[in-house]
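Please look at the sequence and the 3D structure shown here, and then follow the report below, which goes through a pair of helices and a few single residues.

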Amino acid sequence: METTTLNVGGMTCGGCVGSVTRVLQSSPGVTAAEVSLDRGEAKITFDPAVTSPAALRKAIEAAGFTAG
Ligand SMILES: [Cu+2]
């Protein structure tokens with residue numbers, strides 16, 4: 001497993017945190033996702049054989065947020 005931290009933009013409330021968390025946790029290869037509204041970050045543990053930080057950024061962006 002690998003861990004990455006992505007900057008997530010566009011989150012304004014707990015509902016946004018819930019949305020980003022759900023999107024990440026339902027993405028293939030993700031074993032844990034911890035999203036912080038205060039820091040605007042998502043800490044993600046994933047299987048690098050299945051997914052990648054680039055794919056995770058795309059999933060966040062498809063949900064209407066920005067990721068970098
Ligand atoms: Cu919100």
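## Contact between two helices

Two residues are in contact if their C-beta atoms, placed from the backbone, lie within 7 Å. In this structure, which is a predicted model, V20, V23 and L24 of helix α1 meet L56, A59 and I60 of helix α2. Sorted by class, the contact of α1 with α2 has 6 nonpolar residues, with no polar and no charged residues.

Two packed helices are described by the angle between their axes and the distance between the axes. Here α1 and α2 pack at an angle of about 135 degrees, and their axes are 10 Å apart. That angle makes α1 oblique to α2, because angles over 145 degrees would count as roughly antiparallel and those from 65 to 115 as roughly perpendicular, while the rest count as oblique. The crossing in which α1 passes α2 is right-handed.

## The two sides of helix α2

Which residues of helix α2 are buried? In α2, which spans residues 53-62, L56, A59 and I60 are buried. These residues cover an arc of only 100 degrees around the axis, and they are therefore on the same side of α2. An α-helix has 3.6 residues a turn, so residues three or four places apart point the same way. On the other side of α2, by contrast, A54 and A62 are exposed.

The cover over the buried residues of α2 includes helix α1 (14-25) together with the strands β1 (2-9), β3 (41-46) and β4 (66-67). After α2 comes G64, whose phi is positive, near 100 degrees.

G15 is exposed, because 9 other C-beta atoms lie within 10 Å, and a residue with 12 or fewer counts as exposed.

## A residue in strand β1

Strand β1 contains E2, which counts as partly exposed because there are 13 C-beta neighbours inside 10 Å. When residues up to four places away in sequence are not counted, E2 touches F46 and P48. The C-alpha atoms of E2 and S52 are separated by 9.4 Å, although the two residues are 50 residues apart along the chain.

## A residue after strand β4

Where is G68 found? G68 is in the segment after β4, and G68 is exposed because 9 other C-beta atoms lie within 10 Å. Leaving aside the neighbours within four places in sequence, G68 is in contact with L6 and N7. For G68 and L6, which are 62 residues apart along the chain, the C-alpha atoms are separated by 5.7 Å.

Methods:
Residues numbered from 1 in each chain as written. Predicted model: local features only at pLDDT ≥ 70, side-chain atom pairs only at ≥ 80, totals over all residues. Buried ≥ 20, exposed ≤ 12 C-beta atoms within 10 Å, placed from the backbone. Helix = DSSP H or I, 4+ residues; strand = E, 2+ residues; numbered from the N terminus. Arc of directions from axis to C-beta. Axes fitted to C-alpha atoms, helices over the stretch in contact; angles between N-to-C directions. Parallel < 35°, antiparallel > 145°, perpendicular 65-115°, else oblique. Left-handed = near helix turned anticlockwise from the far one by under 90°. Nonpolar A, V, L, I, M, F, W, Y, C, P; charged D, E, K, R; others polar.
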